[in-house]
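Here is a short briefing on one structure. Take a look at the sequence and the fold before reading on.

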Amino acid sequence: DGALLATPTGSCLGELQADRLSKVSLNGDWLSGDKPSKEISFHRALYLNNPECKAVVHLHCTYLTALSCLQGLDVDNAIKPFTPYVVMRVGKVPVVPYYRPGDERLAQDLARLAPTHRAFLLANHGPVVTGKDLRAAADNTEEMEDAARLIFTLGDRPIRYLTDDEIAELRS
């Protein structure tokens, strides 16, 4: 009906109830359910700026949040391609500068990046991942979390990154 559903503020994902989900208009008006998360503005920014975005997953999962806390990340792509799956599922993962949760600048930065990206890393905060539906967004998030875990597992060992030709083949 043109509105979006979001987890309410302070929700436990394992205890969500359909009738308590926050229903919010694309203008940001709270329509029904429990009070929406203070981060609903950046969810709206993604939906409004990328017509392919039909679902948004934002978690504070361990490895991606740890990755988001590292200094010196490539702000254009926090997960340099070393396995095919992040390339195929989400492509480049830009880093959004740190802002406190709920800060409107998160929505502004994500709105600017939304037309050309499907996943983002919020500095010192964690991932935001989109998809064509909730299943795809969740699967994309799991793939990114696995890649982040591999980054920490590999540590300082030399990594064989995918070549530009290999990346182009995956994107075609």
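**Ser68 and its surroundings**

Leaving aside neighbours within four places in sequence, Ser68 is in contact (heavy atoms within 4.5 Å) with Leu73, Leu121, Leu122, Ala123, Asn124, His125 and Gly126. The model is predicted: local features need pLDDT of at least 70, side-chain atom pairs count only at pLDDT 80 or more, and totals for chains, interfaces and linings use all residues. Residues are numbered from 1 along each chain as its sequence is written, and side-chain values use heavy atoms, without hydrogens and water.

- Ser68 lies in helix H2 (residues 62-68); helices are DSSP runs of H or I, at least four residues, and strands are runs of E, at least two, numbered from the N terminus.
- Ser68 counts as buried, at 3% relative accessibility; buried means under 20% relative accessible area, exposed over 50%, partly exposed in between (1.4 Å probe, protein chains only).
- The Ser68 side chain reaches the backbone nitrogen of His125 at 3.1 Å.

**Helix H1**

- Eight of the ten residues of H1 (residues 40-49) are buried, so the helix is largely enclosed by the rest of the structure.
- Those buried residues are Ile40, Ser41, Phe42, His43, Arg44, Ala45, Leu46 and Tyr47.
- Their cover includes strands S1 (4-6) and S2 (22-24) and helix H4 (104-113).

**Aromatic pair**

- The count is one aromatic pair, with ring centres required to lie within 6.5 Å; planes under 30 degrees apart are stacked, over 60 edge-to-face, the rest tilted.
- Tyr63 and Phe152 have ring centres 6.2 Å apart and planes at 45°, so the pair is tilted.
- Tyr63 is in helix H2 and Phe152 in helix H5 (residues 134-154), 89 residues apart.

Notes: A polar contact is a pair of N or O atoms within 3.5 Å; within protein, one must be able to donate a hydrogen and the other to accept it, and residues adjacent in sequence count only if both atoms are side-chain atoms. Rings of Phe, Tyr and Trp (its six-membered ring) pair if their centres lie within 6.5 Å; planes under 30 degrees apart count as stacked, over 60 as edge-to-face and the rest as tilted.
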